[in-house]
Amino acid sequence: MHRAMPLAFLLLATTPAFAEQPVQLKPGAGLDVVETQCGACHSLDYVRMNSPFLTPDAWKAEVAKMRTAFGAEIDDADAAVIVNYLTAMYGPPGS
């Protein structure tokens, strides 16, 4: 027996409110590389969610983990740009 979905559910499920909103990171040198390289595999929300916890060394370790453990195809030059951006824009004050 086929059961139709309630119209209200269909309307809610297709409204823009349920669509993923683009994540706006802080403008700065290297943002384009972060958006391209990091955003290719996961939401950029992870940057903002983890920023209160990550020091410059921790950001460097995160980028290394993405390359080694998860196979992100990020060359050394882009990895350095990403780490510099994340440290400058989302590292602890004065880092």
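Of the 95 residues in the protein chain, 23% count as buried, where buried means under 20% relative accessible area, exposed means over 50% and partly exposed lies in between (1.4 Å probe, protein chains only). The model is a predicted one, in which local features need pLDDT of at least 70, side-chain atom pairs count only at pLDDT 80 or more, and totals for chains, interfaces and linings use all residues. Residues are numbered from 1 along each chain as its sequence is written, and side-chain values use heavy atoms, with hydrogens and water left out.

The protein chain contains five helices and zero strands; helices (H or I, at least four residues) and strands (E, at least two) are DSSP runs, numbered from the N terminus. Followed along the sequence, the pattern reads α-α-α-α-α. Contacts, meaning heavy atoms within 4.5 Å, can also be sorted by separation along the chain. Among those between residues at least 6 apart in sequence, 58% join residues at least 24 apart.

In soluble globular proteins, nonpolar side chains tend to be buried together. In this model, the largest nonpolar core has 19 residues; such a core is a set of buried Ala, Val, Leu, Ile, Met, Phe, Trp, Tyr and Cys residues joined through side-chain atoms within 4.5 Å. The residues with the most contacts inside this core are Leu 25, Val 34, Ile 82, Tyr 85 and Leu 86. Helix H2 (31-37), H4 and H5 are the elements that give two or more residues to the core, and H5 gives the most, with six residues. Leaving aside neighbours within four places in sequence, Ile 82 is in contact with Val 33, Val 34, Gln 37, Cys 38, Val 63 and Ile 74.

Cys 38, one of those partners of Ile 82, lies in the loop between H2 and H3. Cys 38 counts as buried because its relative accessibility is 13%. Not counting residues up to four places away in sequence, Cys 38 touches Val 33, Leu 44 and Ile 82. Cys 38 and Met 66 are 28 residues apart in sequence, yet their C-alpha atoms are 8.9 Å apart in space. Met 66 itself is placed in helix H4 and, at 23% relative accessibility, counts as partly exposed. Beyond its neighbours within four places in sequence, Met 66 is in contact with Gly 71 and Ala 72.

Ser 51 sits in the loop between helix H3 (45-50) and H4 and counts as buried, at 17% relative accessibility. A polar atom of the Ser 51 side chain lies 3.0 Å from the backbone oxygen of Arg 48. This is a polar contact, a pair of N or O atoms within 3.5 Å; within protein, one must be able to donate a hydrogen and the other to accept it, and residues adjacent in sequence count only if both atoms are side-chain atoms. Leaving aside neighbours within four places in sequence, Ser 51 is in contact with Trp 59 and Tyr 90. Thr 87, in helix H5, is buried with a relative accessible area of 13%. The side chain of Thr 87 reaches the backbone oxygen of Val 83 at 2.8 Å. The C-alpha atoms of Thr 87 and Thr 55, 32 residues apart along the chain, are separated by 7.2 Å.
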